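Work through the exercises below with the sequence and the coordinates open. Each task is followed by a solution in steps.

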Amino acid sequence: MKKKILYSLRSPYREQLDVIGFRFGHGRKSAAIVGAMRGNEVQQMCVCSRMIQELKKLEAKGLIAEDHEIMVIPCANYYSMNIGKRFWAMDNTDINRMFPGYWQGETTQRIADGVFSKIQGYEYGIQLASFYQQGNFLPHVKMMDTGFASPELMKDFGLQFGIIRKPRPYDTTTLNYNWQVWETKAFSVYANATDVIDENAADEAVYAILRFLDKQGIITANTPPGYITKLIDESKTKQIRSEAAGIFKSCIEIGKRVERGDILGTISDPFEGEIISEIRSTVSGTVYFEYFAPLINSNTVCFKIIK
Amino acid sequence: MIETIATAALAVNENLNIQKRRIQNGKSKKRLSLVTGTHGDELEGQYLAYIVGSCLDEHIDCLDGIVDIYPALNPMGIDSITRGVPMFDLDMNRVFPGSKDGTMIEMLCSMIVDDIAGSDVCVDVHSSNIFLQEIPQIRMSVPTAPVLLPYAKMMNVDFIWIHDAATVLESTLAHTLNTRGTKTLVVEMGVGMRITKEYCRQLFDGIFNLLKELGMWSGETAPVREPTVSEGREVGFVNSDAAGIFVPCVRFGDIVDKGTHIGDVVDPLSSKIVEKVNAVCDGMIFTLREYPVVYGGSLLARILQPAAGGAEK
């Protein structure tokens, strides 16, 4: 393993921010794995740190294939992590909305450029992504439908679901989208949690990435058997939104199969405690996202169901 | 008449309400919408909305048509000094056109668009952010310029910036409305979290001039200035390379030569200048950093280069 500072930035009074990359193997650029770009992406950083543990062991045993190099960047934004902010410490901008970056641009554009210039040219790119909303996901893999890479590749992660997303205008400045524009086959792996550590989901994400690298012939790894991944177009999943606001209670676990009409959760009046809304499934399928916060506004996505 | 054009229930005993005030007189159905408060830290439009509404109230007989004033598209942001919508990751001006079937913010954005669409002209007032000061200007993309430029010139701004279209900007309110045929002018002026009365008064004159040109206003108007238009000119960006405290030595609106000393980034701990900042080109400083703390990359100034022949000199 080689540890290298990929990009540095000075601040007026804090120690220099160093974005650190960990390289394994030698030769052609095969896979880059990027963890936290936001200050609350602790689970994403944790998954990368476990990947580093696993890759160290594989490298020591000579199980990284000849002429393959893997890079892992656990955290590009610990400045925000150390002060409890999700976005950039100074101006609240989001590094993951600044790609491909610009070396003469504003601070977060420079960080994005500094990182992107070092992770360009890899054949595969894996980002540990987080969702903007509080909630639990079934671990799954997602890719942007840019037409560059085949969605079939998502099956090699062996996660239960592979989701294809049609990019919207605001997606065009994300890492995943730009990786594909620059001809890296890019995937986002969702390891359930964000600002807390979910051990089981972290293990599942690590196994999925190892499984994927193994299938591509980059490493040789023994992993538990994965799922036969079901590929789904995101627009075909069903979002169930809250019709009222108040105290939210989920009545279902993610991963469970539900039938149309089943109760998924309830919303209670925050003062009087009466149930004011029952959230029912409008389709039959598998719950792959549940909202996770005690309070809920109206029109909030509280469950996502794969039909 | 004050109307709630979009509403959503919040968790505890409160609704998020987006309101507008309709001021109407005469027979004409022509409509101008004055929109502001998409970003909760941009407050210049608050005073502008107040003085425009107040003047219309006082001289209602001079109005022939409808003026809709939307002072706070992001009311929770304004009330909590939050640029975005509190508890929502994305900038509200990256969510348009929204969706009736979407999340709370997408639904609100969709309702906002439906309400404003159909106006003859919409003026969407922004005021930079807390970091930068801007001279009163209107921004538009190259594809929209042929339609919008004549209206922008009526608005008494100092500068019209015609910039390249960027995909990410397709999610803005202005792009959505322009795509739907509602001519929408984006104003940037002043600085975040402050009110610059002088600029508000300047734009006030522009709005009443626009109303007159649209045939909606028969009252008095002030003469408007001829704006500098960026067409055929380049904009120079001055970014800090060092981290420290930026202390400018030019003023906003100054005309500078390439290489002119425009400020320093200093380190108060060592009492050293860590970066001497010079103009990257000839031209007029139309953006200047207001917030002194900088990192590498912080925008310090924007300079509009003169037209061929250096007209501004």
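**Exercise 1. Contacts within chain B**

Among contacts in chain B between residues at least 6 apart in sequence, what percentage join residues at least 24 apart?

Solution. The model is predicted: local features need pLDDT of at least 70 and side-chain atom pairs count only at pLDDT 80 or more, while totals for chains, interfaces and linings use all residues. Residues are numbered from 1 along each chain as its sequence is written, and chains are lettered from A and ligands numbered from 1 in the order in which they are written.

Step 1. Two residues are in contact if their C-beta atoms, placed from the backbone, lie within 7 Å.

Step 2. In chain B, of the contacts between residues at least 6 apart in sequence, 66% join residues at least 24 apart. For chain A, the figure under this rule is 64%.

**Exercise 2. Overall build of each chain**

State the secondary structure, the extent and the burial of each chain.

Solution. Step 1. Helices (H or I, at least four residues) and strands (E, at least two) are DSSP runs, numbered from the N terminus. Chain A has five helices and 18 strands. Its radius of gyration is 20 Å, close to the 19 Å from the globule rule for 307 residues, so chain A is as compact as a globular protein of that length. The radius is taken over C-alpha atoms, and the rule is 2.2 Å times the number of residues to the power 0.38.

Step 2. Chain B has six helices and 17 strands. Its radius of gyration of 20 Å agrees with the value near 20 Å for a compact globule of 313 residues.

Step 3. Along the principal axes, the C-alpha atoms of chain A fill a box of roughly 60 × 50 × 35 Å, and the C-alpha trace of chain B spans about 60 × 50 × 35 Å.

Step 4. A residue is buried if 20 or more other C-beta atoms lie within 10 Å of its own, exposed if 12 or fewer, and partly exposed in between, with C-beta atoms placed from the backbone. Buried residues make up 48% of the 307 in chain A and 48% of the 313 in chain B.

**Exercise 3. Strand S6 of chain B**

Which strands pair with S6(B)?

Solution. Step 1. Two strands pair if DSSP finds at least two bridges between them.

Step 2. S6(B) (residues 132-141) runs antiparallel to S15(B) (residues 283-289), with three bridges; B:Glu134 has B:Thr287 as its bridge partner there.

Step 3. Four bridges join S6(B) to S8(B) (residues 183-190), also antiparallel, and B:Ile138 stands opposite B:Val187.

Step 4. S7(B) (residues 159-163) runs parallel to S6(B) through five bridges, with B:Gln137 opposite B:Phe159. Helix H4 (residues 145-152) of chain B carries the chain from S6(B) to S7(B) in a right-handed β-α-β crossover: with the strands pointing away from the viewer, the path from the first strand over the helix to the second runs clockwise.

Step 5. Ten of the ten residues of S6(B) are buried, so this strand is largely enclosed by the rest of the structure.

**Exercise 4. An open sheet in chain A**

In what order do the four strands of the open sheet lie?

Solution. Step 1. The order is S15-S14-S12-S17 (chain A), with antiparallel pairing.

Step 2. S15(A) (275-280) and S17(A) (295-296) stand at the edges with a single partner strand each, so one side of each has no neighbour in the sheet.

Step 3. S14(A) (residues 263-268) is joined to S15(A) by five bridges, and A:Gly265 stands opposite A:Ile279.
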